[in-house]
Amino acid sequence: MENGNGYLNGHKAVANGVVACPAAFGVSSPAPMIASAEATLSRHLARRLVQVGVSDVFAVPGDFNLALLDHLIEEPGLRLVGCCNELNAGYAADGYARAKGVGACAVTFTVGGLSVINAIAGAYSENLPVICIVGGPNSNDHGTNRILHHTIGLPDFSQELRCFQPVTCHQVVINNLDDAHEQIDKAIATALKESKPVYISVACNIPGVSHPAFSHEPIPYCLAVRQSNKMGLEAALQATVEFLNKAVKPVMVAGPNLRVAKAGAAFEELADASGYAVAVMPSAKGLVAETLPRFIGTYWGAVSTAFCTEIVESADAYLFAGPIFNDYSSVGYSFLLKKEKLVIVQPDRVTVGNGPTFGCVMMKDFLTELGKRLRKKRNTTAYENYKRIFVPQGQPPESEPGEPLRVNVLFKHVQQMLTGDNAVIAETGDSWFNCQKLKLPDGCGQAHHILYMNTSRQQGHHTNAQWNQYDSCVQVRVLA
């Protein structure tokens, strides 16, 4: 089952298997004409954002984006959420993308762009489609050798673009209207397909100018989901089934890229079919239901939850679905895992032990089919071993009157507060480790960043989650 509150879910596919806009925008007749005065770039951009699921744009006004924001706010399905600074706007868009599948922020040229870029880099590391919209210089200023305000004093307007290139999967600078609709459409489509941020710069003098290219209602997106190569999928399945069926006590571990592949339900189905003991990596906590019958906790090397490390590292085969192994997630690369015992399933490829890597194999397809084949030979040995050594966690002693609050008492109360309508946001630091000990009820998500690790990033997530309470019943627990 997928996470109930959706706080960590990705962009959803519709029933026919494609990533698309809501059904209300389905194409059943030719796209209607738009009045000439409304046939503008800004209206096209606003409609595109609404079509892909964005109803809130987190913005910081500036003189280069004022005209654009004025037109965006006229879109009935779009709200502008003012933020105190660009960095928080980017963080809020990051959190929004986790909750809704795609997020957007709007800032001004250079002084705003270079402020929001840290949040965009974090979204890139977490594979989140965030559409970063920047109000750029007047199209007539390009090539004039003029020095503009909000810059570093050079007549080079490409500095901001060059800074965004390493942390976005696509960049467009729109200075004319002839191909603006194509550039906008390609940028947004690329964000959805790659699950990465994109950069869209719009010259400040063109958002409200009408143009024939925008004279029709934009045709809704219909982006086909990537398909597995059937021969590659079959070869990967055969190799993996043979590998795992030889093992005496295999286990499976969920990683953070499970969210990118939208394969949480497939992973849980595999866990049920195989009988394997199930653990999660720390940044995947909340992606898999902790009420699964054979869930054994968080695998994080020496700081794992009790008895989890012993079971995972003593296994003779381990399947990791969507792992990211960095210095922190591996506790300084101290994992006692052997490559020859490892099956790594990433969103688009599978590697079996020291053997071959099978490309063009989608994780969701692979896990679903693997579950069907492993059901014939269920293996619960690792979980039986876990039950033999498991000792239930004790309760902390009650606090004396006037005694300072202890961490173990605090988290005892946090645990009692959690419900399926909650989302836990664990800030970098001690809360990382203490939140791993929480038992999340069904539907309760958790945000826990262990790659980019930007302190205070969670503040924007909290802002976004609280804003989303207007549309849902999700309650947020922030643990700093």
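In what order do the 6 strands of the open sheet stand? The order to trace in this predicted model is β3-β2-β4-β5-β7-β6, and the pairing is parallel.

**Stop 1: the sheet**

Select β3 (79-82) and β6 (170-174), which stand at the edges. Each has a single partner strand, so one side of each is left without a neighbour in the sheet. Direction ignored, neighbouring strands are turned by 20° against each other on average.

Next select β5 (residues 130-136) together with β7 (residues 198-203). These two strands pair in the parallel sense over 6 bridges.

**Stop 2**

**Stop 3: the largest nonpolar core**

Clear the selection and pick Leu-258, Phe-267, Leu-319, Phe-366, Leu-367 and Leu-370. Of the 38 residues in the largest nonpolar core, these touch the most other members. At least two residues of this core come from each of α7 (230-245), β9, α9, β10, β12, β13, β14 (349-352) and α11 (363-374).

Centre the view on Leu-367. Leaving aside residues up to four places away in sequence, Leu-367 touches Leu-258, Ala-263, Ala-266, Phe-267, Leu-270, Ala-321 and Val-345. A second, separate core has 37 residues, including Ala-46, Ala-59, Ala-180 and Leu-192.

**Stop 4: helix α12**

Which residues of α12 (residues 381-389) are buried? Select Ala-382, Tyr-383 and Tyr-386. They cover an arc of only 95° around the axis, which puts them on the same side of α12. Now show what covers them: among the elements are β9 (251-254), β10 (277-280), β11 (295-298) and α10 (308-313).

**Stop 5: two loop residues with positive phi**

Go to Lys-262, in the loop between α8 (257-260) and α9 (264-274). Phi of Lys-262 is near 55°, a positive value in a residue other than glycine. Lys-262 is partly exposed, with a relative accessible area of 30%.

Finish at Tyr-333, in the loop between β12 (318-321) and β13 (342-346). Phi of Tyr-333 is near 55°, again positive in a residue that is not glycine. Is Tyr-333 buried or exposed? With a relative accessibility of 57%, Tyr-333 counts as exposed.

Key: Residues are numbered from 1 along each chain as its sequence is written. This is a predicted model: local features need pLDDT of at least 70, side-chain atom pairs count only at pLDDT 80 or more; totals for chains, interfaces and linings use all residues. Side-chain values use heavy atoms; hydrogens and water are left out. Buried means under 20% relative accessible area, exposed over 50%, partly exposed in between (1.4 Å probe, protein chains only). Helices (H or I, at least four residues) and strands (E, at least two) are DSSP runs, numbered from the N terminus. The arc is that of the directions from the helix axis to the C-beta atoms. Contact means heavy atoms within 4.5 Å. A nonpolar core is a set of buried Ala, Val, Leu, Ile, Met, Phe, Trp, Tyr and Cys residues joined through side-chain atoms within 4.5 Å. Two strands pair if DSSP finds at least two bridges between them. Axes are lines fitted to C-alpha atoms, for helices over the stretch in contact, and angles run from 0 to 180 degrees between N-to-C directions.
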